[in-house]
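Here's a quick briefing to read alongside the model. Have the sequence and the 3D view open as you go.

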Amino acid sequence: YGDAKEKLEEYQNKLKNLRKQYKDIQKESEQDKKELQSLNKQQEQSRDTSTTKGGEMKSLKSQLDAIQKATNAHMQQLTAAENQQEQVRSRRFGLYRTCLREDIKIPLYEGSLPEDVEPETPSELSRFLLSQDAIE
């Protein structure tokens, strides 16, 4: 009977230890569940933030695209204006050379040369026309 009593006490001690281990495991499980809930909440907030930022990025990208289109249009207009300006300069220079070759008097920037004032040499006339190019 004594041997059975010792075994009973041994089993009761093992049962106490197992119950204690069970409670410890339950506490750890509760902590893990709380941590998991916290992580899930953080993940959901991160998704919301990501969705919001994605929408902002999409909006900014469309604004950037619109600005780039406008910039390209302005650059094309600028290039066309520069080309036109260059054509005018080229035609004026051609006209100037023709006038010099054929000894034709050229009018001033506004109006024409007075009868008593004439450029002394073609180089003065050339400087005058070049200064007009610089003004433009």
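Helix H1 covers residues 2-101, which makes 100 residues, and spans 141 Å from its first C-alpha to its last. That is close to the 148 Å expected at 1.5 Å a residue, where the expected span is 1.5 Å times one less than the number of residues. Bear in mind that this is a predicted model: local features need pLDDT of at least 70, side-chain atom pairs count only at pLDDT 80 or more, and totals for chains, interfaces and linings use all residues. Residues are numbered from 1 along each chain as its sequence is written, and side-chain values use heavy atoms, with hydrogens and water left out.

**Fold and confidence**

- The protein has 2 helices and 0 strands, taken as DSSP runs numbered from the N terminus (helices are H or I, at least four residues; strands are E, at least two).
- Just after H1, Asp 103 takes a positive phi of about 55°.
- Mean pLDDT for the protein is 82, and 77% of its residues reach 70 or more; pLDDT is the predictor's confidence in each residue, from 0 to 100.
- Over residues 111-122, pLDDT stays under 50. For that stretch the model has 10 contacts beyond four places in sequence, a contact being heavy atoms within 4.5 Å.

**Surface**

- Of the 136 residues in the protein, 4% are buried (buried means under 20% relative accessible area, exposed over 50%, partly exposed in between, with a 1.4 Å probe and protein chains only).
- The protein exposes about 12600 Å², and carbon and sulfur atoms supply 53% of that. The areas come from the Shrake-Rupley method with a 1.4 Å probe; for residues, only the protein chains shown count as cover.

**Salt bridges**

- How many salt bridges does a search of the whole structure find? It turns up 3, each a side-chain nitrogen of Lys or Arg within 4 Å of a carboxyl oxygen of Asp or Glu.
- Lys 14 and Glu 10 pair up at 3.8 Å, N to O. Both lie in helix H1, 4 residues apart, about one turn of the helix. Lys 14 counts as partly exposed because its relative accessibility is 44%, and Glu 10 is partly exposed too, at 41%.
- Glu 56 bridges to Lys 53, with the closest N and O atoms 3.8 Å apart. The two sit in helix H1, 3 residues apart, again about one turn of the helix. Glu 56 has a relative accessible area of 39%, so it is partly exposed; Lys 53, at 46%, is partly exposed as well.
- Lys 61 and Asp 65 form a salt bridge with their closest N and O atoms 4.0 Å apart. Both belong to helix H1, 4 residues apart, about one turn of the helix. Lys 61 is exposed because its relative accessible area is 53%, whereas Asp 65, at 31%, is partly exposed.
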